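The sequence and the model are shown first.

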Amino acid sequence: MRVVALCLAGFVSALGLTSTASRAENLDGYWMDSHGEVIMQFGPCGRNRCGRVAWLKKPRGPDRGPLRDFRNPDAKLQSRFVCGLVVVSGFKKQPDGTWADGNVYVPDLGTSFSGYAEVLSQSKVKVTGYMLLPILGSSEVWTRVIRKPPTCEEQAKMIADGTWSVDISTWPPIPPPVASR
């Protein structure tokens, strides 16, 4: 889980300190962190963009069931499943094409960060997470996923059935993204 926390923290930090020229700006779709530990699905939530956890390489919690948000400081939220959880919210498109002013919740740490994203190309996004100042953040480059992961419900069933696999080669392809306007 620590890896997921670092990946999400890296995602948050990559979301803000870079300048963009004329680059792709479509954040919508599935993105895998640089360590292959988590896939996030980004899409509209009102006029902004949000991201939810769509897949975890290590989807089991300490109880060996689907991972829950057990590190959340709010005891009422600790039973939420991490898969499907909206952890990125409020990202607004900036004049320079980046996505900023958002919040990122890292279930591995039970902590929220500020963040921003810069879409480098149709297949790469640089994400940054930080506390206080972007200069104190951390960044990493994520890769667009070309195959659709099983739903969280399907993943939970595979875990229960003992058929869980990290092999993503059998997932169906995702149609190419449409540029945002």
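## Basis and disulfides

A disulfide is defined here as a pair of cysteine sulfur atoms within 2.5 Å. The model is predicted: local features need pLDDT of at least 70, side-chain atom pairs count only at pLDDT 80 or more, and totals for chains, interfaces and linings use all residues. Residues are numbered from 1 along each chain as its sequence is written, and side-chain values use heavy atoms, with hydrogens and water left out.

With the bonded cysteines numbered in sequence order, the pairing is 1-2, 3-4. Cys-83 is joined to Cys-152 with an S to S distance of 2.1 Å. The torsion about this S-S bond of Cys-83 and Cys-152 is about -80°, so the disulfide is left-handed. Cys-83 lies in the loop between E3 and E4 and Cys-152 in helix H2, so the pair ties together parts that are 69 residues apart in sequence. Helices (H or I, at least four residues) and strands (E, at least two) are DSSP runs, numbered from the N terminus. Both cysteines, Cys-83 and Cys-152, are buried, where buried means under 20% relative accessible area, exposed over 50%, and partly exposed in between (1.4 Å probe, protein chains only).

The other disulfide joins Cys-45 to Cys-50, with an S to S distance of 1.9 Å. The torsion about the S-S bond of Cys-45 and Cys-50 is about 75°, so this disulfide is right-handed. Cys-45 counts as partly exposed because its relative accessibility is 28%, whereas Cys-50, at 15%, counts as buried.

## Helix H2

Helix H2 spans residues 152–161, and Cys-152, Gln-155 and Ile-159 are buried in this helix. These residues cover an arc of only 60° around the axis, which puts them on the same side of H2; the arc is that of the directions from the helix axis to the C-beta atoms. Strand E3 is included in what covers the buried residues of H2. The face turned away from the buried side carries the exposed residues Glu-153, Lys-157 and Ala-160. Gly-162 follows H2 and has a positive phi, near 75°.

## The loop between E3 and E4

Arg-60 is placed in the loop between strand E3 (48–56) and strand E4 (86–93). At 29% relative accessibility, Arg-60 counts as partly exposed. Leaving aside neighbours within four places in sequence, Arg-60 is in contact with Gly-65, Leu-67, Ile-159 and Trp-164, contact meaning heavy atoms within 4.5 Å. Arg-60 and Ile-159 are 99 residues apart in sequence, yet their C-alpha atoms are 7.8 Å apart in space.

Arg-64 also lies in the loop between E3 and E4. Although not a glycine, Arg-64 has a positive phi of about 75°. Its relative accessibility is 55%, so Arg-64 counts as exposed.

Strand E5 (residues 99–106) is mostly covered, with six of its eight residues buried. Asp-101 is found in this strand, E5, and counts as exposed because its relative accessibility is 52%. Asp-101 is not a glycine, but its phi is positive, about 65°.

E4 and E5 pair in the antiparallel sense over four bridges, pairing being assigned if DSSP finds at least two bridges between two strands. Ser-89 has Asn-103 in E5 as its bridge partner. The hairpin of E4 and E5 has five residues between the strands, and Gly-97 takes a positive phi near 95° there.

E5 also pairs with strand E6 (residues 111–119), in the antiparallel sense and over six bridges. The bridge partner of Gly-102 is Gly-115 in E6. The hairpin of E5 and E6 has four residues between the strands, and Gly-110 takes a positive phi near 65° in this hairpin.

## Nonpolar cores

A nonpolar core is a set of buried Ala, Val, Leu, Ile, Met, Phe, Trp, Tyr and Cys residues joined through side-chain atoms within 4.5 Å. The largest has 23 residues, of which Leu-27, Met-40 and Val-125 touch the most other members. Two or more residues of this core come from each of strand E2 (38–45), E3, E4, E5, E6 and strand E7 (124–130). E5 gives the most to this core, with four residues. Another core, of nine residues, lies apart from it and includes Ala-54, Val-145, Ile-159 and Trp-164.
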